[in-house]
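Student: I would like to go through this entry feature by feature. Please give me the general idea each time, then the case at hand.

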Amino acid sequence: MTTLKRDFLNEKELLEGCRKGDPIAQRTLYETYSPKMLTVCMRYVGERERARDILHDGFITVFEKIDTYNASGSFEGWMRRVFVNTALMYLRKGDVLKFSGELDAVEREYSVENTVMGNISSSELMRLIASMPIGFRTVFNLYAIEGYSHQEIAKELKINEVSSRSQLSRARKWLQERLGGDR
Amino acid sequence: MIGDKKEIDNLFNKEVGKLDNIEFDKRVREILEGHEVMPDAGSWERIASSLAQRRRAKLLFIRRISITTAVVAASIVLVLYLDSGGDISRPDTIQPEPDKVVAEVKENASDETVIVTGETEPGLFESVKKEKKTYEKIKVTESTRKEELIAEDIIVEEEREIPDVKTPLKIEEKKEEAKTPSVEKKKRDYLFEITPRNRRVKKSGTLLALSTNFSPSMASSSVTLMSLSQIKSELLYSNVASTIQKGQLSQEVVSNKKFLMPISLGAQLQFPFSDLFAIAAGLNYTLLFTHYDDISRSETRETELTLHYLGIPVNLYYNLFNRDGLKLYVNGGVTMEKGLFAYKKYFENGRRKTDTEGIEGIQWSVNAGVGAEFPVNKYTGLYFDPVVAYYFDNDQPLSIRTSQPLQFKFELGFRFHL
């Protein structure tokens, strides 16, 4: 990726440039955050090609709605929320959030050795998350990584809170099983 | 009890080096925290290109809004200007003071200008230049007293009948009455407030019509019209065909067609070539919007198709009724439309793509209908033409016209009597 001369002293100045539609500022912002945001997208859709489309749409939204960022929280947090919402919109559109027979797939309970978690690389974990059934993956991402509450997840995915809890529990077990957990 | 059991389990797990749920989630977060995936080369270029495209679209939208506003404002100004009496069409208007009327009548009796006013307000005394030979036929009264009486009558009351005195004034009024028998004397109810001097609807040759056209037709149950607000939800949450349904398909099919009501904007000039007949030709722009699904074995492709057409309508009008500016008529004609371009936005397995292509060929249609024009002021009429149109199969892209060639249209607009 081309390295641009950083003409911006701090994030505030960079955001001001983006607000004014300055292409240099926009590109700098993209280069700063795109690797992190692409990771977010991949965690939700599990596939690079679709993640790339979400990254594209997410950045368009960021540049068009940057005026609505009021600096009350971190900019990265705000951006992450935009990308999560964009990913959820994609998932809703494909009707993939209608959790199907996946629910019955995991019934046994697992726990995972601390040492196993210590050995696993981020790429391996990403691969595992990407291969999770989509319903599990979405709830696990929202709860365990993004920090949404079950109430928020239920509202976002148009499911009830009990379903959200159930999905999370089963998602954890699914992951623990593949991480070499035992009973 | 259940809570206690969970706590004991968690403690046990910790003791033997196993993670509880909170710890597990925390570890996952920590591992993923530093993870980054580099985007593909050219990813920024795609974003930059989309941003530029959206910026252009925004500018285009602003420009369109500005043009529309300017056209609407110009129309209003035109209506108001014409309503004010059209000063340009009255270059010879003079406004003599009431007490000088008699003297002017005397002086002008043999001149080219004759007092013809019947109005009471200052400023309503008008002198209209006429051909001298016209007035040679008029028997001008010699009696100054009679002229004074006329002048007094003019000033005192507008609608008051002048005694049977043959003056240029009286004769001129009668000539006008002969031309438009009921217009001058009777007060009419116009849509807009009118002043006495613009009561008479201008009878002119050419008319300029500015119109908008809607086609809210549903002659066939296979055609579904949807509202603008529906589109977004359709695109976000539309139900695509199930895998089983796809498996049964032998070839690609287009299904779930939905259309927005076609909208046209246009202007046309109407040339009356007799009291009964008029011919009109103009230019109009039409926007057609279709949403459909291409379903094949391998994929479902949702498509939004926007078609832009520019057309030349030629119509013949036959007046059934024409009095006091109110007109009823029948009309019929033919329209030739050329597709400017088709903008296609489609979602292929969840991914959005766009495409713009030209539209080949010409769309021909015939139409017939009835219409009514209501007077707004002396120079302007508001008209409403319900029309039935038939669109021929000219191998045009999918639209409401190809799905349902018979369309009901409602044209609404202003006609300016030039």
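Student: Is helix H7 of chain A mostly covered or mostly open, and how many of its twelve residues are buried?

Tutor: Burial is read residue by residue, with under 20% relative accessible area as the cut-off. In this predicted model, H7(A) is mostly covered, with eleven of its twelve residues buried. The buried set runs from Ile134(A) through Gly135(A), Phe136(A), Arg137(A), Thr138(A), Val139(A), Phe140(A), Asn141(A) and Leu142(A), and also takes in Ala144(A) and Ile145(A).

Student: What covers the buried residues of H7(A)?

Tutor: Look for the elements in contact with them. From chain A, the cover includes helices H2 (23-45), H4 (75-93), H6 (122-130), H8 (150-157) and H9 (161-178). Helix H2 (21-33) of chain B is also part of the cover.

Student: Why does the end-to-end distance of H7(A) agree with its twelve residues?

Tutor: The check is to compare an expected span with the distance between the end C-alpha atoms. H7(A) covers residues 134-145, and at 1.5 Å a residue it should span 16 Å. The end C-alpha atoms lie 15 Å apart, so the two values agree. Just after the helix, Gly147(A) has a positive phi of about 85°.

Student: How many helices and strands does chain B have?

Tutor: Count the elements, then look at how the chain is packed. Chain B has ten helices and twelve strands. Of its 418 residues, 39% are buried. Among its contacts between residues at least 6 apart in sequence, 69% join residues at least 24 apart. Its accessible surface is about 24,100 Å², with 58% belonging to carbon and sulfur atoms.

Student: In what sense do strands E10 and E11 of chain B pair?

Tutor: Read the direction and the bridges together. E10 (residues 362-377) and E11 (residues 380-391) of chain B pair in the antiparallel sense over ten bridges, and a hairpin of two residues joins them. Val366(B) has Tyr390(B) as its bridge partner, while Asn367(B) has Ala389(B). E11(B) also pairs with E12 (residues 406-417) of chain B, again antiparallel, over eleven bridges. There, Thr380(B) is bridged to Phe416(B).

Student: What pLDDT does chain B average?

Tutor: Where pLDDT is low, the predicted coordinates should not be read in detail. Chain B averages 68, and 53% of its residues score at least 70. Over residues 100-106 of chain B the pLDDT stays under 50, and the model has twelve contacts for them beyond four places in sequence. Residues 218-223 of chain B are also below 50, with eleven contacts beyond near neighbours in sequence. For the complex, the predictor gives an ipTM of 0.81 and a pTM of 0.48.

Terms used: Residues numbered from 1 in each chain as written. Chains lettered and ligands numbered in written order. Predicted model: local features only at pLDDT ≥ 70, side-chain atom pairs only at ≥ 80, totals over all residues. Heavy atoms only, no water. Helix = DSSP H or I, 4+ residues; strand = E, 2+ residues; numbered from the N terminus. Buried < 20%, exposed > 50% of the residue type's maximum accessible area, 1.4 Å probe, protein only. Contact = heavy atoms within 4.5 Å. Areas by Shrake-Rupley, 256 points an atom, 1.4 Å probe, with all protein chains shown as cover. Pairing = 2+ DSSP bridges. Expected span 1.5 Å × (residues − 1). pLDDT = per-residue confidence, 0-100.
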